[in-house]
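Here is a short walk through one structure, taken a step at a time. Keep the viewer open and follow along.

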Amino acid sequence: MTTKHRYRELTWPEVNDTVLRAPTVLIPVGAIEQHGPHLPLDVDNVLTEHICEEVARRSEGDVIVMPAIHYGYNDHNMDYPGTISIRMQHFIDYCVDVGASMAHQGFRHMLYVNAHGSNAPLCDLIARRLTVETESLVGAVNHWELGWDFIAAELEGGPYAADHACEWETSEYLHVNPDLVQMDKVVDEISAERGGPRWLYPDLASSKWVHFMNYWSRVNESGVSGTPSFATAEKGGRMVEGTIGRLLDVSREFRAMPVTARVDHRVKPPA
């Protein structure tokens, strides 16, 4: 039986072999959007693809990785050059179609591994739809939440050091693809007028009481929200490695979840 870790490299007989192995399928989900003057547009894709690829490669057959979904829902960032946005329903339907195809092939455990904030509630809906519309179990993961303790341990820029094109994302990109980071163009900016930090926009470690996303250009000049000047590749390596280990653990636990039969508890109406 094949142990290739990339779905795109399989032949169709190898797909059948892989279905029998019953791995967790990772579907990286990213975006093409501005990340300030110092980072490329592909930050979200590069990070989630790298993390998922490494998890699958190290999993000894327990995990397989799909080609990434490169574009996301991004209307709030469209005032900045470079950003691409897919309409909300199109994005949901497209991602559902990918997962439904995998369920049709026989894969029973899938995780959408998201790297872009505005995709997060949509990936949750996508996973819920697929779980009730197919025979598979499907979840959604934001990779920064999964690895937050590893990220937070490295931050030096204060409570808003990690948000967007920030100390966290810049450090991880410096680790994964350093040649494309322009540190001489780094700008630190903490977005203003975004509401009370406790109830509306806490740091990434905290839960929001109110879910809200304004147009980014109303509250931000540079496209950066955080302190990328504190970023280093060494920090990024520790952040990324911690997240990879955590996602590998989660993927294996998810793979072990049984797909049990449904039970209909409804009373039958009289004829």
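Predicted model: local features only at pLDDT ≥ 70, side-chain atom pairs only at ≥ 80, totals over all residues.

**A helix and its surroundings**

Which residues of α1 are buried? In this helix, which spans residues 12-21, they are Glu14, Val15, Thr18, Val19 and Arg21. Because these residues cover an arc of only 155° around the axis, they sit on the same side of α1. Turn to the face pointing away from that buried side and you will find the exposed residues Trp12 and Leu20. Just past the end of α1, Ala22 adopts a positive phi of about 55°.

Now for the aromatic rings. A pair of such rings is described by the distance of the centres and the angle of the planes. With a cut-off of 6.5 Å between ring centres, the model has two aromatic pairs. Tyr7 and Phe107 make an edge-to-face pair, with 6.0 Å centre to centre and 70° between the planes. This pair links distant parts of the chain: Tyr7 belongs to the segment before α1, while Phe107 is in the loop between α3 and β3 (109-114), 100 residues apart. Both Tyr7 and Phe107 are buried.

The other pair, Trp144 and Trp168, is tilted, at 6.2 Å centre to centre and 50° between the planes. Trp144 lies in helix α5 (residues 143-146) and Trp168 in helix α7 (residues 167-176), so this pair ties together parts 24 residues apart in sequence. Are these two tryptophans buried or exposed? Trp144 and Trp168 are both buried.

How values were computed
Residues numbered from 1 in each chain as written. Heavy atoms only, no water. Buried < 20%, exposed > 50% of the residue type's maximum accessible area, 1.4 Å probe, protein only. Helix = DSSP H or I, 4+ residues; strand = E, 2+ residues; numbered from the N terminus. Arc of directions from axis to C-beta. Phe/Tyr/Trp six-rings, centres within 6.5 Å; stacked < 30°, edge-to-face > 60°.
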